[in-house]
Amino acid sequence: MRQRAPSDPFGQGTISDYFDRRAERLVLEGYRHWAAGFQTGSITPWEMGWSLYVEMLGTDDGEKLTTEMQGFVRALKLCGACPLRAFPFNSRHLCLEECLIIGLVAGLQNDDEVADYCLDRLTCPARCAPIRAAAKRLADTLSSMDAQLLPVPRNVIDDIVQRASDQKATLLRSGPSTLH
């Protein structure tokens with residue numbers, strides 16, 4: 001008997017289907033590569049991200065998207081109180097920050113209200129304007145390459161944020177030894 005893939009948190013089919021979408025993969029894998037590069041100080045993840053973009057988009061568009069993703073992650077990185085969190089490349093899971101990033105970019109392509117909602121949960125008010133500007137450049141660049149993300153409904157983001165909050169509260173109640 002064949003097992004079904006887990007449900008997609010964004011309500012668009014299965015997680016596998018979602019990760020296989022071109023636009024979502026460009027955002028998610030790109031973010032993961034650039035975040036890993038900033039976290040480790042190694043250029044290897046950046047080279048891997050650049051290679052992915054060139055493979056998927058060709059040299060010119062790959063270089064354009066590389067520039068915008070690098071600028072977006074650099075803007076996120078400048079918020080020292082909000083560390084960059086991400087699963088490893090090719091993981092079929094999403095952390096809260098990755099959900100909010102996808103929601104932000106998708107929102108900038110589809111629904112500004114959802115974009116602002118994700119931005120407010122992703123960073124502090126002092127960093128919202130530069131992060132929104134960098135995310136907008138990224139979203140517009142993706143649109144110019146016919147890489148349109150699926151809209152992420154606000155209620156889905158609410159559910160993801162609530163689940164993350166519930167998990168954090170459970171960890172805090174169980175004591176500091178579980179927070180390693």
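I102 lies in helix α5, where helices (H or I, at least four residues) and strands (E, at least two) are DSSP runs numbered from the N terminus. I102 is buried, with a relative accessible area of 1%; buried means under 20% relative accessible area, exposed over 50%, and partly exposed in between (1.4 Å probe, protein chains only). The model is predicted: local features need pLDDT of at least 70, side-chain atom pairs count only at pLDDT 80 or more, and totals for chains, interfaces and linings use all residues. Residues are numbered from 1 along each chain as its sequence is written, and side-chain values use heavy atoms, with hydrogens and water left out.

**Overall architecture**

- The protein contains eight helices and zero strands, and its pattern along the sequence reads α-α-α-α-α-α-α-α.
- Of the 180 residues in the protein, 43% are buried.
- Among contacts (heavy atoms within 4.5 Å) with a separation of 6 or more, 69% are accounted for by residues 24 or more positions apart.

- Helix α5 covers residues 96–110, and its 15 residues reach 20 Å from the first C-alpha to the last, close to the 21 Å expected at 1.5 Å a residue; the expected span is 1.5 Å times one less than the number of residues.
- Because 13 of its 15 residues are buried, α5 is largely enclosed by the rest of the structure.
- I102 and A115 are 13 residues apart in sequence, and their C-alpha atoms are 9.3 Å apart in space.

- The 19 residues of α4 should span 27 Å at 1.5 Å a residue, which agrees with the 26 Å between its end C-alpha atoms.
- The buried residues of α4 are G62, L65, T66, E68, M69, F72, V73, A75 and L76.
- The cover over these buried residues includes α2, α3 (44–57), α5, α6 (112–122) and α7.
- R74 is found in helix α4 and is partly exposed, with a relative accessible area of 40%.
- R74 and A134 are 60 residues apart in sequence and 9.0 Å apart in space, C-alpha to C-alpha.

**Packing of α4 with α7**

- Two packed helices are described by the angle between their axes and the distance between the axes.
- Helix α4 (residues 59–77) and helix α7 (residues 128–144) pack at an angle of about 160°, with their axes 9 Å apart; axes are lines fitted to C-alpha atoms, for helices over the stretch in contact, and angles run from 0 to 180 degrees between N-to-C directions.
- α4 and α7 are therefore roughly antiparallel to each other; angles under 35 degrees count as roughly parallel, over 145 as roughly antiparallel, 65 to 115 as roughly perpendicular and the rest as oblique.
- α4 passes α7 in a left-handed crossing, meaning that the near helix is turned anticlockwise from the far one by less than a right angle, whereas clockwise would be right-handed.
- α4 contributes K64, L65, E68, M69, G71, F72, A75 and L76 to the contact, and α7 contributes P130, I131, A134, A135, R137, L138, T141 and L142.
- The residues of this contact divide into 11 nonpolar, two polar and three charged; Ala, Val, Leu, Ile, Met, Phe, Trp, Tyr, Cys and Pro count as nonpolar, Asp, Glu, Lys and Arg as charged, and the others, Gly among them, as polar.

**Packing of α2 with α4**

- The axes of helix α2 (residues 22–40) and α4 come within 9 Å and cross at roughly 55°, and the two helices are therefore oblique to each other.
- α2 passes α4 in a right-handed crossing.
- The contact with α4 involves residues of α2 including Y31 and W34, and residues of α4 including Q70 and R74.
- The residues of the contact of α2 with α4 divide into 10 nonpolar, three polar and two charged.
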